[in-house]
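Thanks for coming, everyone. I'll walk you through one structure today. Please have a look at it first.

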Amino acid sequence: VAQLRQRFFNSISPGGLAGDRRGVVPASGFSFSAQQIWRVIKENKDLDLPAHKVMVATVRCEEIANEKFCRLSSDEDWLALEEAVQSGSVSGFGRRLSSILETYFSEYDSEATYFDEDVRNAKRKHLESKALDLVHPAYLNLLGHLRFKALENFKSRLEQMLKEAEGFAASARACTESCMHEFDQGCADAAIKQANWDASKVREKLRRDIDAHKLSVRDAKLSELVARYEEKLRQLLCEPVESLFDAAGRDTWASIRKLLRRETETAVLEFSTAISSFELDQPTIESMLQGLRDYARNLVVKKAREEAGKVLILMKDRFSTVFSHDNELMPRVWTGKEDIKTITKDARAASLRLLAVMAAIRLDEKPDKIENILLSSLMEGTVTSPDPLASSTWEEVPPENTLITPVQCKSLWRQFKSETEYTVTQAISAQEAYKRSNNWLPPPWAIVAMVVLGFNEFMLLLRNPLYLMFLFVAFLLSKAMWVEMDVPGQFQHGTLAGLISISSRFLPTVMNLLKRLAEEAQGHRTPESPTQQQSSVAFQSFRNQSQLNPSSSIAESSVSSNFSVSDSSVEYSSPNLMQRRSTKVQEAELSQ
């Protein structure tokens with residue numbers, strides 16, 4: 001200031017304000033010069049300073065707004081509300097948050113009321129924006145909880161209504177309406193007065209989630225229904241079809257078609273009623289019903305292919321049943337009266353008819369000539385050119401319906417005949433064995449030869465009674481041994497087995513007879529101990545059982561002699577012979 005004063009005092013001096021007066025404007029040009037100076041000042045924006053009132057309002061309103069925002073950020077009620085929203089939905093969220101915000105906005109308005117209105121309003125809007133940005137994440141969290149709660153309520157209610165046998169479409173519709181209404185109420189409760197936040201995106205997401213869950217539940221329920229009716233069809237078709245194939249005949253495929261048609265239409269009708277509550281569109285319903293029909297048909301086709309894979313076993317079983325049983329299904333006993341050739345032909349014809357049934361799938365009621373071709377080519381042996389079985393397809397039968405080709409039928413028949421030949425051979429052998437067992441006498445020509453060649457010896461016996469007495473005693477001994485060894489019973493098992501059994505028992509039987517004769521000659525008989533008697537009775541019972549069961553082994557049939565065990569030796573006895581000898585002794589005593 002002192003220097004400036006000096007410069008004014010000495011303005012015309014060198015270094016003063018006027019200086020050397022080279023930049024001085026004359027007084028006559030002062031007005032124009034002042035105008036030019038003011039114009040420069042106005043055009044220079046750097047020199048355009050705000051009014052003092054506006055500047056003060058700006059600074060103070062910003063300070064007040066920042067202070068209110070800081071207090072809001074650390075407000076205990078707000079922090080508690082934010083923490084509560086993190087863990088779940090909060091009832092009255094919008095009302096409580098609106099109260100907290102209104103408190104700080106009111107305080108701002110109260111403190112900034114005397115400042116410039118434009119500045120005050122601008123700073124208030126800025127404060128509102130920052131405050132809403134602070135609380136908006138909590139609002140979004142609350143909407144997320146409301147959406148999750150509504151979706152879970154929808155799931156539980158829908159499941160409960162389906163358990164109560166309510167229709168699916170009606171149940172889903174009712175649950176959707178109630179859950180969306182609850183969500184809308186929750187959104188209204190979460191809204192605040194200070195903002196008009198839009199919850200439509202969250203609501204749309206909830207709707208999509210509900211629709212997705214409805215679709216998944218519907219698909220699961222429909223799949224469960226389809227699986228249930230498929231299982232029902234499997235139980236109703238598989239075993240009956242298998243039984244029809246086991247008893248295959250000319251009407252087998254007609255019975256299978258009738259069974260398939262009846263069970264399929266019944267299942268389709270029930271299934272159509274069951275899915276009516278889903279309110280599906282007509283093309284979807286038709287597609288599902290057709291899928292059920294196709295499944296039933298595929299079941300029969302699959303079972304037919306399975307049975308065709310074991311057709312050789314089925315043919316052999318059929319042959320065995322027809323060959324080994326009569327018309328009343330009683331087991332055959334090969335007595336020699338049966339015509340094995342005719343029986344074999346009938347059994348093979350039955351097996352061939354089974355092969356004809358299994359050769360192709362006949363679900364379309366189209367006639368074919370498979371059975372006639374097989375009978376003429378394999379049973380009757382008709383030779384035609386070309387060979388109808390030298391092909392891989394049947395006439396009038398589509399390839400997809402062919403189970404066994406003609407070539408395979410020919411090969412199977414050849415294998416079948418070779419594997420059943422043994423059964424026929426066994427039957428013939430059994431028939432011949434039965435004839436031999438019931439005809440143990442020599443042939444008539446041998447009897448005639450014995451009479452002619454033995455006539456002289458017979459006359460010699462008549463002339464000499466002593467020979468006749470000796471022959472009588474020999475006859476008695478032979479008869480006793482014949483009965484004791486059960487010669488007819490032994491030869492029932494064959495000539496070789498009978499000879500082996502008789503040879504093994506001949507010597508013990510002779511020794512037993514001689515011992516008994518010696519005891520009778522001495523006039524006394526060795527008493528049998530109780531153990532001997534029990535053993536004799538037990539073995540006699542065993543012998544009777546052996547005679548009742550002629551099919552027992554040679555070893556069992558060969559041991560038919562009674563025996564008794566004593567302390568010193570083993571004795572062989574013949575009850576029949578002893579009875580006859582006791583009778584003879586009594587007659588001798590009476591004659592004396």
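Let me start with residue classes. Ala, Val, Leu, Ile, Met, Phe, Trp, Tyr, Cys and Pro count as nonpolar, Asp, Glu, Lys and Arg as charged, and the others, Gly among them, as polar.

Two notes on the source. This is a predicted model, where local features need pLDDT of at least 70, side-chain atom pairs count only at pLDDT 80 or more, and totals for chains, interfaces and linings use all residues. Residues are numbered from 1 along each chain as its sequence is written, and side-chain values use heavy atoms, with hydrogens and water left out.

Now the chain as a whole. It has 22 helices and two strands. Those are DSSP runs, numbered from the N terminus: helices are H or I with at least four residues, strands are E with at least two. The chain has 592 residues, and 32% of them count as buried. Buried means under 20% relative accessible area, exposed over 50%, and partly exposed in between, with a 1.4 Å probe and protein chains only. The accessible surface is about 37200 Å², and carbon and sulfur atoms hold 57% of that. Those areas come from the Shrake-Rupley method with a 1.4 Å probe; for residues, only the protein chains shown count as cover.

Next, contacts, meaning heavy atoms within 4.5 Å. Take the contacts in the chain with a separation of 6 or more: residues 24 or more positions apart account for 70% of them.

On to the open space. Both terms use a 1 Å grid over the protein atoms alone: a cavity is a set of points where a 1.4 Å probe fits but cannot get out, a pocket is an open set with protein on both sides within 12 Å along at least five of seven lines, and lining residues have an atom within 4 Å of a point. Grid points are joined across faces, edges and corners, and a volume is the space filled by probe spheres set on the points.

The largest pocket has a volume of about 290 Å³. It is lined by 16 residues, and R250, W253, R362, D368 and E371 are the closest to its centre. By class, the lining has eight charged, six nonpolar and two polar residues.

Why does this pocket lie between domain 2 and domain 3? Because domain 2 (221-310) and domain 3 (313-439) both give residues to its lining. The domain bounds come from an automatic or database domain assignment.

The largest cavity holds about 110 Å³. Its lining has 13 residues, with I361, R362, K366, E396 and P398 the closest to the centre. Six are nonpolar, six charged and one polar.

Stay with E396. It sits in the loop between α13 and α14 (406-437). N401 lies in the loop between α13 and α14. N401 counts as buried, at 12% relative accessibility. Leaving out residues up to four places away in sequence, N401 touches A360, I361 and D364.

L329 also has a positive phi, about 60 degrees, without being a glycine. Is L329 buried or exposed? Exposed, because its relative accessibility is 60%.

Last stop: G92, in the loop between α4 (76-87) and α5 (93-111). G92 is buried, at 5% relative accessible area. D189 is 97 residues away from G92 in sequence, yet their C-alpha atoms are 5.9 Å apart.
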